[in-house]
Every structure is written in C-alpha cells, then in structure tokens.
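Take a moment with the sequence and the model. Then read on for a short tour.

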Amino acid sequence: MRSLLKTIHLIALAVFLGSIITYIFAGAFIPEGDAHALTLNRQFVFVGTKLLTIPAMLVTGITGILLMGKPSQRWLWVKLIGFVIIALNTYLFIYPAIDDSVVFLSENKIELFDDALMKEAIFGALNILLIVVLVFVATKKPSFFANRKIS
C-alpha cells in the first residue's frame, strides 16, 4: 500500500509541476500582438489549472500527508504547513488571478489584464519557491529538522 501511495504521490507531483512548466513555456511562445493566441493561451491555462494542476496539487498533498502519518517531528509539520500555504495561495490568489486575466482580456481591459498576470506571476513564483523548499525538506530532512520531536 505504501508503494502505491508513493507512486501516486510522485505521479501527481510530476503532473502538477509539469503542467505549470507547460503553461510557462506555452506563454513564452505567443507571438507579440497576437490577441487570438493570447486569448487561447489564457483559456488553456485556466482550464488546465482547473482540471489538471489543482487536482494534481491536492492529490500530491493528500498522499504526502498519508505517507507521513502523524506529524511528530518538525520537518513533518513543515511539510504539512507548507502544503496548506501552497493550497491557500493557489485558491486565494493564483486561480482567481488566472480567472481575472481571462475575463479582463475578453473585455479588452488591458491594464487590469496586466495586473492579473502580475499577480499570477508573483504568487505563482511564491508557490514554486515553497514547492522547492518542501521537496528539499521531504527528501533531505535537513539536520535542523531531523530527530527533533515536538512535545
């Protein structure tokens, strides 16, 4: 059972990170000034985030929690709190910014569209940083966290 959970966890993590990288690269290749391509890209990111990225994030987090069991060491609490922060950041800031960018683009409100893209970029970068930290904590269990029990 543990091997199956690990496999699901790693696949979900790959889908989660892979989808984000795909959105970044797809956005980088939009010809400048091509409003139709930009609209298609934003719709692709919106639907992909809703149907692929967020579910993969949730599966990654839930399987990670199941794999760690009862958090009795600091590094486990760091993982748990980190996942909660990533999920909240996604639901409160990133996904609404993506939704806003689609709406503002369709309404031709370019300044608001640019603001939504900036918000998505800032909070998305924060999520990537948090994910890198959590992957490091989960794989290396730094000595600062290891073997220190919380009473």
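What percentage of the 151 residues of the protein chain count as buried? The figure is 36%. Buried means under 20% relative accessible area, exposed means over 50%, and partly exposed lies in between (1.4 Å probe, protein chains only).

## Ground rules

This is a predicted model, where local features need pLDDT of at least 70, side-chain atom pairs count only at pLDDT 80 or more, and totals for chains, interfaces and linings use all residues. Residues are numbered from 1 along each chain as its sequence is written, and side-chain values use heavy atoms, with hydrogens and water left out.

## The overall fold

The protein chain has four helices and zero strands. Along the sequence, the pattern reads α-α-α-α. Helices (H or I, at least four residues) and strands (E, at least two) are DSSP runs, numbered from the N terminus. The C-alpha atoms fill a box of roughly 55 × 30 × 20 Å, taken along the principal axes.

Now for contacts, meaning heavy atoms within 4.5 Å. Take those in the protein chain with a separation of 6 or more: 73% of them join residues 24 or more positions apart.

## Two salt bridges

Side chains of opposite charge can pair when their charged atoms come close. The structure holds two salt bridges. The term means a side-chain nitrogen of Lys or Arg within 4 Å of a carboxyl oxygen of Asp or Glu.

Arg42 has 7% relative accessibility, so it counts as buried. Glu120 is buried too, with a relative accessible area of 15%.

Glu107 and Lys109 also meet through their side chains in a salt bridge, at 3.1 Å from N to O. Glu107 is partly exposed, at 42% relative accessible area. Lys109 is partly exposed as well, at 39%.

## Two loops

Where is Asn108 placed? Asn108 is in the loop between helix H3 (74-106) and helix H4 (110-140). Most residues other than glycine have a negative phi. Asn108 is not a glycine, yet it has a positive phi of about 60°. At 60% relative accessibility, Asn108 counts as exposed.

Ile30 lies in the loop between helix H1 (2-28) and helix H2 (35-68). Leave aside its neighbours within four places in sequence, and Ile30 is in contact with Ala37, Leu38 and Asn41. Ile30 and Gly124 are 94 residues apart in sequence. In space, Ile30 and Gly124 are 19 Å apart, C-alpha to C-alpha.

## The surface

The accessible surface of the protein chain comes to about 9300 Å². Carbon and sulfur atoms account for 72% of that surface. Accessible areas come from the Shrake-Rupley method with a 1.4 Å probe; for residues, only the protein chains shown count as cover.

Which residues make a nonpolar surface patch of about 450 Å²? They are Val84, Leu88, Tyr91, Leu92 and Phe93. Patches are made of residues with over 30% relative accessible area and no salt bridge; like charges are joined within 9 Å, and nonpolar side chains (Val, Leu, Ile, Met, Phe, Trp, Tyr) within 5 Å. Val84 lies in helix H3. Val84 is partly exposed, with a relative accessible area of 41%.
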